Amino acid sequence: MAPQRRAATKAPEGNGAAEPRSRSSSKKDRAPRETQRPWLRTAGLGAGLVLTAFLLWSSLGADDRVTEALARRGEVLAGRFIEVPCSEDYDSHRRFEGCTPRKCGRGVTDAVITREEAERIRSIAEKGLSLGGSDGGASILDLHSGALSVGKHFVNLYRYFGDKIQNIFSEQDFQLYREVRRKVQLTIAEAFGINAASLHLTKPTFFSRINSTEARTAHDEYWHAHVDKVTYGSFDYTSLLYLSDYQEDFGGGRFVFMEEGVNRTVEPRAGRVSFFTSGSENLHRVEKVHWGTRYAITIAFSCNPDHGIQDPAFP
């Protein structure tokens with residue numbers, strides 16, 4: 001995972017430690033030295049323990065102190081977009097005029113993919129992942145490369161299962177997948193004012209299934225903060241299509257944009273598309289799933305045609 005770049009955030013209101021009350025100096029002056037010293041040692045030890053506990057709490061819990069929702073599950077959004085300053089991450093890669101981000105930001109919409117389409121495409125993920133699944137909490141299915149989580153490893157489902165794949169998927173499944181990808185691509189192009197033809201589908205683009213099972217390998221540890229442009233290199237624009245509902249199908253599992261002073265969450269909703277430029281301006285993580293099962297598709301685009309991949313074809 002990419003290294004975290006995290007600024008300190010404010011403590012939640014009402015949770016701050018109370019200031020210690022001052023004691024009367026006259027009482028201390030009257031106290032015998034031999035009784036004062038043990039008290040001071042105890043007080044010093046207690047203060048040290050409190051400080052240690054506070055620092056530990058800050059380092060472990062700061063990322064969970066989300067203060068603002070960018071998109072709640074109960075909302076139905078025609079479109080919401082926040083522009084943010086672009087990072088310098090794109091400068092270390094070849095630039096493509098008219099595509100490489102100069103306008104950066106993040107958007108959410110519920111008006112691109114219908115809930116019926118989301119239900120149908122989720123069935124593709126369920127059928128594919130029924131062939132395997134990780135021993136840990138996070139499983140992936142990549143119809144492009146054929147990568148499928150099985151136990152603690154990955155297999156190529158096209159080679160591993162051969163002709164049996166035709167009994168699992170249909171041509172209509174792959175046609176729907178391509179159509180959904182096209183809708184997401186057009187949405188990103190419109191939001192950032194670029195030609196959709198300049199966006200090239202790139203890898204990894206994949207289904208994810210996350211539950212509360214304990215992680216078994218590093219691949220199961222999906223909750224670490226990262227930057228897609230740093231992690232993958234080819235990514236210029238990232239999108240997530242959610243296929244299940246926060247607080248109905250699963251608990252936890254919100255998407256978190258991490259930034260100085262405030263974190264912002266996207267609460268998954270079946271059919272919701274969340275998209276953003278892939279640089280450090282959009283450092284992010286996913287909360288741990290506490291119960292149920294969370295389904296989504298990560299669909300990524302590159303401005304570099306050399307990093308492009310083709311839509312999957314029915315075998």
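Modeller: Before we talk about a sheet, one definition: two strands count as paired if DSSP finds at least two bridges between them. Please also keep in mind that this is a predicted model.

Colleague: Fine. In what order do the four strands of the open sheet run?

Modeller: The order is 1-12-11-14, and the pairing within this open sheet is mixed. Strand 1 (68-71) and strand 14 (284-286) stand at the edges with a single partner strand each, so one side of each has no neighbour in the sheet. From one strand to the next, the twist averages 30 degrees.

Colleague: In which sense do strand 11 and strand 14 pair, and over how many bridges?

Modeller: Strand 11, which covers residues 255-259, pairs with strand 14 in the antiparallel sense, over three bridges. If you want a place to look, Val-256 has Arg-285 in strand 14 as its bridge partner.

Colleague: Changing topic to the cysteines: how many disulfides does the structure have?

Modeller: Searching the whole structure turns up two disulfides. One joins Cys-86 and Cys-104, with the sulfur atoms 2.0 Å apart, and the other joins Cys-99 and Cys-303, where the sulfur atoms are 2.1 Å apart. Counting the bonded cysteines along the chain, the pattern is 1-3, 2-4.

Colleague: Where do Cys-86 and Cys-104 lie?

Modeller: Cys-86 is in the loop between strand 2 (80-84) and strand 3 (104-109), while Cys-104 is in strand 3 itself, so the pair ties together parts that are 18 residues apart in sequence. The link of Cys-86 and Cys-104 is right-handed, with 105 degrees about the S-S bond.

Colleague: And are those two cysteines buried or exposed?

Modeller: Cys-86 is partly exposed, at a relative accessible area of 31%, whereas Cys-104 counts as buried, at 0% relative accessibility.

Colleague: Back to Cys-99 and Cys-303, then: what is the handedness of that disulfide?

Modeller: The torsion about the S-S bond of Cys-99 and Cys-303 is about -80 degrees, so this disulfide is left-handed. The pair links distant parts of the chain, since Cys-99 is in the loop between strand 2 and strand 3 and Cys-303 is in the segment after strand 16 (294-302), 204 residues apart. Cys-99 counts as buried at 2% relative accessibility, and Cys-303 counts as buried at 3%.

Colleague: I was also looking at Thr-109 in strand 3. Which backbone atoms lie by its side chain?

Modeller: A polar atom of the Thr-109 side chain lies 3.1 Å from the backbone oxygen of Ala-78, and a polar atom of that side chain lies 3.0 Å from the backbone nitrogen of Ala-111. Thr-109 counts as buried at 5% relative accessibility, and, leaving aside residues up to four places away in sequence, the residues it touches include Thr-187, Arg-272 and Phe-275.

Colleague: Last topic, the aromatics: how many pairs are there?

Modeller: There are 13 aromatic pairs in the structure. In one of them, the rings of Phe-174 and Phe-314 have centres 5.8 Å apart and planes at 65 degrees, so the pair is edge-to-face. Phe-174 belongs to helix 5 (residues 171-192) and Phe-314 to the segment after strand 16, 140 residues apart. Phe-174 is buried at 0% relative accessible area, while Phe-314 is partly exposed at 27%.

Colleague: Which residues form an aromatic cluster?

Modeller: Phe-81, Phe-192, Tyr-237 and Phe-275 form one aromatic cluster.

How values were computed:
Residues are numbered from 1 along each chain as its sequence is written. This is a predicted model: local features need pLDDT of at least 70, side-chain atom pairs count only at pLDDT 80 or more; totals for chains, interfaces and linings use all residues. Side-chain values use heavy atoms; hydrogens and water are left out. Helices (H or I, at least four residues) and strands (E, at least two) are DSSP runs, numbered from the N terminus. Axes are lines fitted to C-alpha atoms, for helices over the stretch in contact, and angles run from 0 to 180 degrees between N-to-C directions. A disulfide is a pair of cysteine sulfur atoms within 2.5 Å. Buried means under 20% relative accessible area, exposed over 50%, partly exposed in between (1.4 Å probe, protein chains only). A polar contact is a pair of N or O atoms within 3.5 Å; within protein, one must be able to donate a hydrogen and the other to accept it, and residues adjacent in sequence count only if both atoms are side-chain atoms. Contact means heavy atoms within 4.5 Å. Rings of Phe, Tyr and Trp (its six-membered ring) pair if their centres lie within 6.5 Å; planes under 30 degrees apart count as stacked, over 60 as edge-to-face and the rest as tilted.
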